[in-house]
Amino acid sequence: MAKTKTQYICQSCGASSPKWLGKCPQCGAWNSMEETVVQTSKGDKRKAATSYGDDHSKLHQLKKVEPDSYSRIPSKIGELDRVLGGGMMPGSVVLIGGEPGIGKSTLLLQLTLQNPDKKIVYVAGEESTAQIKDRADRLGNISENCFISTELIVENLNEQLKKEKPALIIVDSIQTIQSHNLESIPGTISQIRETAYQLINMAKYLNVPLFLVGHITKSGNIAGPKVLEHMVDTVLQFEGEHTGQLRLLRTTKNRFGSTAEIGVFEMQQNGLREVSNPSEILVQHYAEQLTGTAVAVVNEGIRPLMVEVQALVSPATYGTPQRTANGYNHKRLNMLLAVLEKRAGLKLSTRDVFVNIAGGLKIADTAIDLAMAAAIVSSYLDIEIPPHTCFSGEIGLAGEVRPVSRMEQRISEAHRLGYKKIFTRSGNQAGKNITDIRQLVKQLD
């Protein structure tokens, strides 16, 4: 007979306690311990402990182990293959997270439509079959090999999958699946951990790729226990502004490839379109030059991008100056303004400063500092930056311009788009050598 017991599990980190605690002893979160009914069976544990064959009970000499010679399965979506490392691996599990409505379901539905030769099971936990059919009609031709499952009990779902033997499994989303073994509601930590474990075992058993869609918290992290991200092979993050058209697909974990790649998509009425040359979209060419705009050459992963940086500096009319940043780290903006005031003599303590990265992107590369400083100086002095000029460099607290990595790729991307001058710390002949922030102000003044 199965025995049930009650535990209190932290909804932030997954730590468990036999009694309720106001503060989680592991992560320190307050009021995060929720009561969960856990069902255990001694017979199942004994069976699990003795289910391995003789091959699992012996030691293997690492030098004599033969590597698996699996070939990647192309998804026929170039930007998705890029972030996966060249395609889908058989038996791999991919977890995709992102804001609601950002395009996760659209991307995965396009994946099913662009592979009509593969039998694909799409597990719909959040939408009805009619809603999915309506979106599929808008995206393209529907394959006869695409099947929709509305089964949300993981044990029954695994029986379906074992019987149908699909070539690809998509679960949208893992927070809607539940197990018979637990009495807690779907979406709780215990349910997410149990259902993900069973689905991953089924994907390994069938040796087919599995895509899981995961909800995110208000802080942007994937909801549920951190162990979920450890269980899967690849974690993808879908980013972008709802009002913008561009979407970025980042890799935060990849057991079969690099985590330095990004995929770029453009949201259109008929779905997501791959953007093979995002620099031409991110950089606008105006008929007349404007003050407060500069072009930066940044690296997102190992991919060089040209992005437009905008800044507006105006007198502070309400006493306390405002500092607003979209797509740029707010603390780094405050640091940059302090450096410009201390080292370059700009009186920014009495000015409102607003900065923005065009296209709704969030850039983490510190090489954008020099372009951001140039845009601020341009708006402060009300002068225009010469055309066909771009910037790439990190600014330190002493006002120095520091070199950045992969400078050759950045210069090559700028040259390809017709830029004739690049301000950087690098001694490359194609660049304009700047060693101090004061030199930048003199060049622009």
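This is a predicted model: local features need pLDDT of at least 70, side-chain atom pairs count only at pLDDT 80 or more; totals for chains, interfaces and linings use all residues.
Residues are numbered from 1 along each chain as its sequence is written. Local features need pLDDT of at least 70, side-chain atom pairs count only at pLDDT 80 or more, totals for chains, interfaces and linings use all residues, and side-chain values use heavy atoms, with hydrogens and water left out.

**Exercise 1. Overall description**

Task: State how many helices and strands the protein has, and what share of its residues counts as buried.

Solution: 
- Step 1. Take helices (H or I, at least four residues) and strands (E, at least two) as DSSP runs, numbered from the N terminus. The protein has 12 helices and 21 strands.
- Step 2. Apply the burial scale: buried is under 20% relative accessible area, exposed is over 50%, partly exposed is in between (1.4 Å probe, protein chains only). Of the 445 residues, 48% are buried.
- Step 3. The C-alpha trace spans about 80 × 55 × 55 Å along its principal axes.
- Step 4. Look at contacts (heavy atoms within 4.5 Å). Among those with a separation of 6 or more, 67% join residues 24 or more positions apart.

**Exercise 2. Aromatic pairs**

Task: Count the aromatic pairs. Then classify F238 with F265 and F391 with F423.

Solution: 
- Step 1. Rings of Phe, Tyr and Trp (its six-membered ring) pair if their centres lie within 6.5 Å; planes under 30 degrees apart are stacked, over 60 edge-to-face, the rest tilted. This rule gives two aromatic pairs.
- Step 2. The ring centres of F238 and F265 are 6.1 Å apart and the planes stand at 75 degrees, so this pair is edge-to-face. F238 is in strand β9 (residues 234-239) and F265 in strand β11 (residues 262-268), 27 residues apart.
- Step 3. Check burial. F238 has 2% relative accessibility and is buried. F265 is buried too, at 1%.
- Step 4. For F391 and F423 the centres are 5.0 Å apart and the planes at 15 degrees, so the pair is stacked. F391 belongs to strand β17 (residues 389-391) and F423 to strand β20 (residues 421-424), so parts 32 residues apart in sequence are tied together.
- Step 5. F391 is buried at 0% relative accessibility. F423 is buried at 4%.

**Exercise 3. Charges over rings**

Solution: 
- Step 1. The test asks for NZ of Lys or CZ of Arg within 6 Å of the ring centre and within 35 degrees of the ring normal.
- Step 2. K119 places its charged end over the ring of F147, 5.5 Å from the centre.

**Exercise 4. The nine-stranded sheet**

Task: Give the strand order of the open sheet and name its edge strands.

Solution: 
- Step 1. Strands pair if DSSP finds at least two bridges between them. The order is β6-β5-β7-β8-β4-β9-β10-β11-β12, with mixed pairing.
- Step 2. β6 (146-149) and β12 (271-274) are the edges, each pairing on one side only.
- Step 3. β11 and β12 pair in the antiparallel sense over four bridges. Q268 stands opposite G271 in β12.

**Exercise 5. Q175**

Task: Where does Q175 lie, and is Q175 buried or exposed?

Solution: 
- Step 1. Q175 is in the loop between β7 and α6 (189-206).
- Step 2. Q175 has a relative accessible area of 8%, so this residue is buried.
- Step 3. Leaving out residues up to four places away in sequence, Q175 touches several residues, including P186, I192, V213 and H215.
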